[in-house]
Amino acid sequence: MSNQQTHYRTCNLCEAMCGLEIKHDGEKILTIKGDKKDIFSEGHICPKATALQDLHEDPDRLRTPMERTENGWKEISWPEALDKAAAGIQKVQKQHGKNALGIYIGNPNAHNLGGILTMHEVLGAMKTHNRFSAVSVDHLPHLIVAHHLFGHQLRIAVPDINHTQHMLIIGANPIASNGSIMTVANVKQKLKDIQKRGGKVVVIDPRHTETAKVADQHHFIRPGSDILMLLAMLNEIYAQGFNVKSHASELTPEFDKIKNLATQYTAEKVAPITGISAQEIKTLVKEFCEAPSSVCYGRMGVSVQEFGLLSQYLIMLINLVTGRLDTQGGVMFSKPAVDIIKNSGRGNLGHRRSRLKDLPNFHGEFPVSAMSEEMLTPGDGQIKGFFTMAGNPVLSTPNGKKLEGALENLDFMVCVDYYLNETTRHANIILPPVSPLEREHYDLTYHGVAVHNSAKYAPALFEKQPNAKHDWEIFIELAKRLDKKPKLKTRISRSLTSWFGPSFLLNAGLKTGNYKGLSLKKLKKSPHGIDLGPLEPQLPNALKTKDKKIHLNIDFYQADLKRVAQRFNLEETAAHNDILLIGRRHLRSNNSWLHNSKRLVKGKSRCTLMLHPDLAREQSIEQGDLVKVTSRVGSIEVEAEITNEIMPGVVSIPHGWGHNRQGTRQTIANDHAGVSVNDITDEQFIDELSGNAAVNGVPVVLVNAMPKHILQQRMEKEDEPEVAMA
Ligand SMILES: Nc1nc2c(c(=O)[nH]1)N[C@H]1C(S)=C(S)[C@@H](COP(=O)(O)OP(=O)(O)OC[C@H]3O[C@@H](n4cnc5c(=O)[nH]c(N)nc54)[C@H](O)[C@@H]3O)O[C@H]1N2
Ligand SMILES: Nc1nc2c(c(=O)[nH]1)N[C@H]1C(S)=C(S)[C@@H](COP(=O)(O)OP(=O)(O)OC[C@H]3O[C@@H](n4cnc5c(=O)[nH]c(N)nc54)[C@H](O)[C@@H]3O)O[C@H]1N2
Ligand code: SF4
Ligand SMILES: [Mo]
C-alpha cells in the first residue's frame, strides 16, 4: 500500500536556494520537483536537484568509517575511527609542532547548517595556523573588499537584480552557475524580467556564454585584462561627467581621491589589450550611467585571475561613484534573519604570512596556492599531517598533480567526506557524514547574499541510520578527543549542541537576529519559507567599521597598480599572442563531486577543449582531435570542440573532471572520467595582492596529439583507453 508523503526543503547544492517538493513513500523517493509555493524560488529548480536522490541512494557513498591498511581499505567502527583520527593528528603535532597539521575546508561546508555552526570547535581544537580553503580559488576578493570598505568580510553588496534596469555582468555565467554571491533562483527569468521592464543586460566574457546568449549585448574580453577595462571605465565616468554624490559617497572620506586613481588608463589605451574598442567602452559607461538604475557585477572570471582583488575593488568603485551603492537596482546589502555578521569575525588580511611564498592569510586562512609547497618543503612549520572537510583539492585547486604528490608523502591524513575520491584516497582515515537528506537545513550562508530577504527551515527528510554521524557530530567528537581540557564555556556549548543538535544554535540566532518575533518554531510552521521583503538601503547602519564610514584604503589598492603597469604595456598596439586558458561551468556539474550521478553525466562528454575555428586552423586542429594542452606545470590531453562561442586566442576547459585516478570508488564518475584542468593550472600564477589563485588566463601551448579518426580506432580496439575520455 502506498503511503505517499510530501517533504519541503531547500536544495543545498548550489547558491540558488531553490525550494524542493519531495514526494516519498517511506525511505523511497518518488519525485523531486520545484516547490511552487516556495516564497523565494517559486517552483524553479535545475537538473541537479534530482542528484540529491542519486547521492542519497548511491551505493558508492561511504556509510561507514574507513581505514587505509596495507591490504586496502577496511571498514571500522566510529569509536575506533575517531580515536585513530585524533591519535594520528596528535602524533603529528607532538612530533613536529602544532602547525605541522594542515587543514583544508571545502565548499560544501558553506551549505551545511551543522557544519557551519560547529566547525570552530574542531578548528579551535586543532590549533594550527596552517589553514586553507576553497575561498582562495574563489571569492576571496569579495571578502577582502567587504572587509576593507564596509568593516566586515561578510558585509557583501549583492546586485538588486529584481529592480535594476541595467545589469553589467563581468566574468560570471549565472545561467550555468545559477548565480554566485548573488543568491537568486531562476536567474534566467530574472534577466529576462530586466529586459521586459525595458532594461538591458550586458555581458563581458571571453566566451559567448549561456548568459551572453540571453543578454542584449556581449563583448569578448582578453582574459585577465578586465582591470584595464575597469580602470578605463572609471576614468570615462569622470570624463563623461557621470560621477555623482550620494548618501554612500557622503560616508566615504576618500571619495575625492577616486578620480585620480589611475588617469593614464584611457579607453583608447586599453582597447587593443582588452579587445574591446574605445568607443565600445565609452558606450558601456554611457549606457550604464544613463540607465535609471544599474549594477556592475563580477564573479569567477574577474575574481580568480591575476588582478582579482583590484578588479573587484574597481567594480565596487564604479558602483560607488555612479551612485549605485545601497540604492534600489544597484548593489545592496541583504538582511538575513540570522545575523551571521554579528556572529563571525570581520576578517583580517595579512595577520600572518605564509612560510615559503610570503603570502598574506585572510581570516586565519592561507592561500590554497601555497598548500602543496608547504607540504613538500622541509623545515620548521612543514605540513606533515592533513585534515580535509568536504573538499577535493586534488581536482579543485591549482596544480592538483603537485598536491597529489605532496599528499602521498604525508605522515597522516584524515578526511571528512562521503566519497573515496581523488583526494580522500590519500587519507588514512575517512569519516563519512550523512547524506544531505538526512539532515536539517537552514541556509545560514546564502540568505546573507540573497537578492530578496526570506527565511526557511527544513527538518531532515530521513532519519539518519543509527550508525551514522552528521558532520557536526564528527567535528564535536574530534574536538573532544583533541582538546581534552576545554574552557568551561566550550564544554557547555559542546554538550548543549551534542544534546539538542545545531538547531538550538539556529534558534538562538533567529531570536537574536534581524527580525523580531522569528524563531525556529515559527519557521517550522512555514515549510515554504517566510518572506522578509525586498532589499532596502541600509547605510550607514550596515557599516561595521568603527567610525561608520566607508574605508576605501586607496593607498593599499593604488600600490597594486604597479603590478598592472608591469604586466601590461599600454604602448603596445596589440594583445600578446599567448593562448590563454579559462574555465567554464555546466548546469549539470557541481565542481568535482556530482559526477557519480548517471542522470547528470550521461550524454556527450562535457570535458572538452573549446577553441575558436581560427585558432584551430592555426594549430592544425580539427573537431574531435585529441589536443595536448601544456602549461608551465604540465600537460593534459583533451578532445577539441571547435566553436565560434569562444574568442580567438583563448581556450576553455571545465574543472572538476579527471576521475581516472587509481583507487577511487566512484563507479559512474570513473566511466565519465574526463581530465582535470587543475593538472595544468599553475599554483605560482596568483593574484599577489590577495593571494587568490588565478585559474583563468593561464598561458598554454597546444599540440595536436591524435587526430580524431585514429583516436576512434584506438578506442574501438581498447576496452580501457589510455587517454581519459568521458
Ligand atoms: N552548474 C554549476 N553551478 C555552480 C557550480 C558548478 O560547478 N556548476 N559551482 C558553484 C560555485 S562553487 C561557484 S563559485 C559559482 C561560480 O559562478 P560563476 O562565476 O557565475 O560561474 P563561472 O561559470 O565560473 O563563470 C565565470 C565566467 O567568467 C568567464 N571568464 C573567464 N576568465 C575571464 C576573464 O579573464 N575575464 C572575464 N571577464 N571573464 C572571464 C568564463 O568564461 C565564465 O563564463 O557557481 C556555483 N554554481
Ligand atoms: N580550474 C578551476 N578550478 C576551480 C574553479 C574553477 O572555476 N576553475 N572553481 C573553484 C571554486 S569556485 C570552488 S568553490 C572549488 C571547490 O573546491 P572543493 O570545495 O575543494 O571541491 P568540491 O569539488 O566542491 O568537492 C567537495 C567535496 O566535498 C564532499 N562533500 C559534499 N558534500 C559534503 C558534505 O555535506 N559533507 C562532507 N563532509 N563532504 C561533502 C564531496 O564528496 C567532495 O569530495 O573549486 C575551485 N576550483
Ligand atoms: S539551481 Fe542550485 S539550488 Fe536550485 S535546484 Fe539547481 S542546484 Fe539546487
Ligand atoms: Mo565556489
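Mentor: Strand β2 and strand β3 (residues 28-34) pair in the antiparallel sense, with 6 bridges between them. Strands here are DSSP runs of E with at least two residues, helices are runs of H or I with at least four residues, and both are numbered from the N terminus. Two strands count as paired if DSSP finds at least two bridges between them. The model is predicted, so local features need pLDDT of at least 70 and side-chain atom pairs count only at pLDDT 80 or more, while totals for chains, interfaces and linings use all residues. Residues are numbered from 1 along each chain as its sequence is written, chains are lettered from A and ligands numbered from 1 in the order in which they are written, and side-chain values use heavy atoms, with hydrogens and water left out.

Strand β2 itself spans residues 19-25 and is mostly covered, with 5 of its 7 residues buried. Buried means under 20% relative accessible area, exposed means over 50%, and partly exposed lies in between (1.4 Å probe, protein chains only).

Next, the ligands. Ligand 1 has 32 residues around it, of which Asp205, Asp226, His586, Ser589 and Asn591 come nearest. A residue is near a molecule or strand if one of its heavy atoms lies within 4 Å of it. Domain 2 (157-332) and domain 3 (578-719) both contribute residues to this shell, so ligand 1 lies between them. The domain bounds come from an automatic or database domain assignment. By class, the shell of ligand 1 divides into 11 nonpolar, 14 polar and 7 charged residues. Ala, Val, Leu, Ile, Met, Phe, Trp, Tyr, Cys and Pro count as nonpolar, Asp, Glu, Lys and Arg as charged, and the others, Gly among them, as polar.

Serine 589 has a backbone N or O atom 2.6 Å from a nitrogen atom of ligand 1. For alanine 176, a backbone N or O atom is 3.0 Å from a nitrogen atom of the ligand. For methionine 300, a backbone N or O atom is 3.1 Å from an oxygen atom of ligand 1. Taken alone, ligand 1 exposes 910 Å², and the protein buries 97% of that. Accessible areas come from the Shrake-Rupley method with a 1.4 Å probe, and for residues only the protein chains shown count as cover. The elements that give two or more residues to the shell around ligand 1 are α5 (174-177) and α12 (300-303). The largest share, 3 residues, comes from α5.

Ligand 2 is surrounded by 30 residues, and Tyr104, Asn107, Ser396, Asp417 and Ser592 are the closest. Its shell divides into 14 nonpolar, 11 polar and 5 charged residues. The contacts listed for ligand 2 involve side chains. A polar side-chain atom of serine 592 is 2.5 Å from an oxygen atom of ligand 2, and one of tyrosine 104 is 2.6 Å from an oxygen atom of ligand 2. Tyrosine 418 places a polar side-chain atom 2.7 Å from a nitrogen atom of ligand 2. On its own ligand 2 has 920 Å² of accessible area, and the protein covers 98% of it.

Some backbone details remain. Asparagine 186, in the loop between α5 and α6 (187-196), has a positive phi of about 60° although it is not a glycine. Asparagine 186 is partly exposed, with a relative accessible area of 26%. Serine 620 also has a positive phi, near 50°, and is a residue other than glycine. Serine 620 lies in the loop between α24 (613-618) and β25 (626-630) and counts as exposed at 54% relative accessibility. A cis peptide bond joins leucine 539 and proline 540, with omega about 5°. Proline 540 lies in the loop between β22 (530-534) and α21 (554-559).

Technical notes:
Polar contact = N/O pair within 3.5 Å; in protein donor to acceptor, adjacent residues only side chain to side chain.
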